[in-house]
Amino acid sequence: MSEGEDIEAGTCCASCGIAEIDDIKLMDCDDCDLVKYCSDECQQNHKSEHEEDCKKRAAELRDELLFKQPESSYLGDCPICCLPLPIDTFSMTQFCCSKTICKGCYAANIFREGEMRLKHKCPFCREPIPDTHQECDKQWVKRIEANDPVALCQEGTEQYDKGDYIKAFEYFTKAAELGNIRAHFRLSVLYHHGEGVEKDNGKKIYHAEEAAIGGHPQARYNLGCYEWNDYDNRERAIKHWIIAASQGEDDSIKQLMNEFKGGFISKEDLAAALRAHQAAVDATKSPHRQIAAEIRSK
């Protein structure tokens, strides 16, 4: 049988043709959704015949996932005010619970505790805040030893800032394996620059894509730059920048405006991207966050 008949519809094994009936259960191809097999042996026997179509379909499925608009940025919402966390301003990650709190809620909690003369506690889990840096470090070490992906990624950042790129790579790798989106982004940067690891374009792109799929706007912006500069694929680059812009990423808006001047994007598409960008930025605003920003700027 050829692909395109019942085999492709998934009713028969693509190799031996046996139908999925009674106690015969078929399994999907490991990489695509075109065919099914009744056994590992049949899958192996059919590999050479199916390989080309499989790679093509797997690439299509990857692109469907890659260019799907994320529901939010990888940061998500502040767990207290439930507003989206801004991607370009300061937020607080708590040592005790690894929750990221927006600066508005963090400042409001400090003001409340000051007015009521209360002991300073975490705004989320209410765990008392340690009085010394040493006690804070002990809390953070416990989170790392518990394989908390947020703590592992943060420790990777600390090691990177110290110049220990090898340790940074190890921590980012552990965090990424546990699903931390920011760690995927940091790994893509390490592979790009060859810091703590040999340069690897394939792994750079893989980790940048994983981060972008998870809602990391800067990773999405970088992918657009790679597509434009390295592969001369303007259509894919613009798609990336439009998605990043809709998450509030400023550099993508600048790129889209440049490409509009060059005639690579329509006025309507640019206007839509500008509206989406502004909506994403506005969604992160609140009176408490504005007050906190004013205090921080003094």
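Is arginine 236 buried or exposed? With a relative accessibility of 18%, arginine 236 counts as buried, because the cut-off for that class is under 20%. Keep this residue in mind, as it comes back below with its partner.

## The model and its confidence

What you have here is a predicted model. Its mean pLDDT is 93, and 97% of the residues in the chain reach 70 or more. One stretch calls for some care: over residues 1–8 the pLDDT stays under 50. For that stretch the model has 15 contacts beyond four places in sequence.

Searching the whole structure turns up 15 salt bridges. Let us begin with aspartate 33 and arginine 57, which form a salt bridge whose closest N and O atoms are 2.8 Å apart. Aspartate 33 sits in the loop between β1 (27–28) and β2 (36–37), while arginine 57 belongs to helix α3 (residues 47–66), so this pair ties together parts that lie 24 residues apart in sequence. The two partners fall into separate accessibility classes: aspartate 33 is partly exposed at 44%, whereas arginine 57 is buried at 18%.

Now back to arginine 236. Its side chain meets that of aspartate 63 in a salt bridge, with 2.7 Å from N to O. Aspartate 63 is in helix α3 and arginine 236 in helix α11 (residues 234–245), so the bridge ties together parts 173 residues apart in sequence.

## A salt bridge within one loop

Aspartate 131 and lysine 119 give another example, their side chains meeting in a salt bridge at 3.7 Å, N to O. Both residues lie in the loop between α4 (103–116) and α5 (133–145), so the pair ties together parts of the chain that are twelve residues apart in sequence. Aspartate 131 is exposed, at 67% relative accessible area, and lysine 119 is partly exposed, at 46%.

## How helix α3 meets helix α9

Helix α3 has a further partner in helix α9 (residues 201–213): the two axes come within 9 Å and cross at roughly 45°. That angle makes α3 oblique to α9.

Which residues of α3 meet α9? On the α3 side they are Arg62, Leu65 and Leu66. Across from them, α9 brings Tyr206, Glu209, Glu210, Ala212 and Ile213. Sorted by class, this contact has five nonpolar and three charged residues, with no polar ones.

## A look at phenylalanine 90

Where does phenylalanine 90 lie? Its place is in the loop between α3 and β3 (91–93). At 37% relative accessibility, phenylalanine 90 is partly exposed.

If you set aside neighbours within four places in sequence, phenylalanine 90 is in contact with Lys103 and Arg296. As for threonine 157, the C-alpha atoms of phenylalanine 90 and threonine 157 are 16 Å apart in space, and the two residues are 67 apart in sequence.

Terms used. Residues are numbered from 1 along each chain as its sequence is written. This is a predicted model: local features need pLDDT of at least 70, side-chain atom pairs count only at pLDDT 80 or more; totals for chains, interfaces and linings use all residues. Side-chain values use heavy atoms; hydrogens and water are left out. pLDDT is the predictor's confidence in each residue, from 0 to 100. Contact means heavy atoms within 4.5 Å. A salt bridge is a side-chain nitrogen of Lys or Arg within 4 Å of a carboxyl oxygen of Asp or Glu. Helices (H or I, at least four residues) and strands (E, at least two) are DSSP runs, numbered from the N terminus. Buried means under 20% relative accessible area, exposed over 50%, partly exposed in between (1.4 Å probe, protein chains only). Axes are lines fitted to C-alpha atoms, for helices over the stretch in contact, and angles run from 0 to 180 degrees between N-to-C directions. Angles under 35 degrees count as roughly parallel, over 145 as roughly antiparallel, 65 to 115 as roughly perpendicular and the rest as oblique. Ala, Val, Leu, Ile, Met, Phe, Trp, Tyr, Cys and Pro count as nonpolar, Asp, Glu, Lys and Arg as charged, and the others, Gly among them, as polar.
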